[in-house]
Amino acid sequence: MKYLNLFLESWKALNNKKTFAVAGLEFLFFLLIAVNALISITFVSEKMDDLRNFQDEFAVEEGADVGYIYGSLVYLSELLSKIFRTAILFFAVTFVLFGFFCGIIWKWSANLVNKKNLLHGYDLKYFLNFYLLSLVWFLIFAAGVYLLYRYGFSYGIFAAILFLFFYFVWINLSYFVSDNKVFNSFLRGTRLSITKFYIFIPCFLIFIILLAASSYLFGIFENNLVAFFGSFLGIFIFIWLRIFLILTCNEYTSTRKHS
């Protein structure tokens, strides 16, 4: 029953003017991520086209000129190197943006839940710990993607890895903002994700359904203004989920302290 109350309280928490500040910052974060992805994907797509053209044109016949073969291999190496460097740069920029903006967004959301000033509780230690915890999960995600490519790529398995990454990271970070200890948050947040899955999974499913429904409804109207408001509605759904997770993690930590 207490978790049902937390669920209802999470929706009530959205009825606060400070929520618009969180939404504005989150909108800027998604915008920068989208620009970073667009630039990276465009560049990689161009290089992939060059790679396909190279494959179509490259042919080694008996008695072929050594200089031609060497030059072709150098060109191929440069293409692959550019694609690899772009991928690394994309993930590096994404990580920096995620740590900075989400560090603020999560703290603002926690302060909103705890009825404190949005700027309360910021210091260098908080940001460094937030980056460190994020790095741990980014490395786990990278390892999962590497193993997937190593043993055979599957869109279904990739979607599962992406969902699990999102699931564990969001609960971990929601636990972290009330704990501010990296490895303690990692271990206990992960444990909470597993032991209380019957609470979290339904809320994540509600989140996915609401997000898909809002995208579909606003996608019907081919209007930029409608699409803009639709994106803001989606951001408020993100904020709701984060607030519920923070409330649930706060309830868990307070229960542990009194037990």
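Colleague: What is the accessible surface of the protein chain, and which atoms does 70% of that surface belong to?

Modeller: The accessible surface is about 15,500 Å². Carbon and sulfur atoms hold 70% of that area. Keep in mind that this is a predicted model.

Colleague: What makes up the secondary structure of the protein chain?

Modeller: Eight helices and zero strands. Read from the N terminus, the order is α-α-α-α-α-α-α-α.

Colleague: How many of the contacts between residues at least 6 apart join residues at least 24 apart?

Modeller: The share is 78% in the protein chain. As for burial, 39% of the 259 residues count as buried.

Colleague: Why is the pair Glu-26 and Arg-242 called a salt bridge?

Modeller: The cut-off is 4 Å between a side-chain nitrogen of Lys or Arg and a carboxyl oxygen of Asp or Glu. Here the closest N and O atoms are 2.7 Å apart. The pair therefore meets the rule. The count by this rule is one salt bridge.

Colleague: What does the pair of Glu-26 and Arg-242 tie together?

Modeller: Glu-26 sits in helix α2, and Arg-242 sits in helix α8, residues 224-258. The pair thus ties together parts that are 216 residues apart in sequence.

Colleague: Is Glu-26 buried or exposed?

Modeller: Buried means under 20% relative accessible area. Glu-26 has 2%, so Glu-26 is buried. Arg-242 has 1%, so Arg-242 is buried as well.

Colleague: Which residues make the nonpolar surface patch?

Modeller: Leu-28, Leu-31, Leu-32, Val-35 and Ile-39 make a patch of about 410 Å². Leu-31 belongs to helix α2, residues 18-57.

Colleague: Why does Leu-31 count as partly exposed?

Modeller: Buried is under 20%, exposed is over 50%, and partly exposed lies in between. Leu-31 has 44% relative accessibility, so the middle class applies. A patch residue needs over 30%. Leu-31, at 44%, passes that cut-off too.

Colleague: What makes the link between the side chains of Asn-36 and Thr-94 a polar contact?

Modeller: The limit for the N or O pair is 3.5 Å. These side chains make their contact at 3.1 Å. Asn-36 is in helix α2. Asn-36 is buried, because 11% relative accessibility is under the 20% cut-off. Asn-36 also touches Phe-90 and Val-93.

Colleague: How do you know that the length of helix α5 agrees with what its 25 residues should span?

Modeller: The expected span is 1.5 Å times one less than the number of residues. For helix α5, residues 155-179, that gives 36 Å, and the end C-alpha atoms are 36 Å apart. So the two agree. Asn-180 follows α5 and has a positive phi, near 60°.

Colleague: What is the phi of Lys-115?

Modeller: The phi is positive, near 55°, and the residue is not glycine. Most residues other than glycine have a negative phi. Lys-115 lies in the loop between α3 (66-113) and α4 (124-151). Lys-115 is exposed, because 73% is over the 50% cut-off.

Colleague: What makes Ser-10 buried?

Modeller: Its relative accessible area is 0%, so Ser-10 falls under the 20% cut-off. Ser-10 is in helix α1, residues 2-12. Ser-10 touches Trp-240, Ile-243, Phe-244 and Leu-247.

Colleague: How many residues apart in sequence are Ser-10 and Ile-239?

Modeller: They are 229 residues apart in sequence, and their C-alpha atoms are 9.3 Å apart in space. A polar atom of the Ser-10 side chain also lies 2.5 Å from the backbone oxygen of Phe-7.

Technical notes
Residues numbered from 1 in each chain as written. Predicted model: local features only at pLDDT ≥ 70, side-chain atom pairs only at ≥ 80, totals over all residues. Heavy atoms only, no water. Helix = DSSP H or I, 4+ residues; strand = E, 2+ residues; numbered from the N terminus. Buried < 20%, exposed > 50% of the residue type's maximum accessible area, 1.4 Å probe, protein only. Contact = heavy atoms within 4.5 Å. Areas by Shrake-Rupley, 256 points an atom, 1.4 Å probe, with all protein chains shown as cover. Patch = residues over 30% accessible without salt bridge, like charges linked within 9 Å, V, L, I, M, F, W, Y side chains within 5 Å. Polar contact = N/O pair within 3.5 Å; in protein donor to acceptor, adjacent residues only side chain to side chain. Lists of a residue's contacts leave out its neighbours within four places in sequence.
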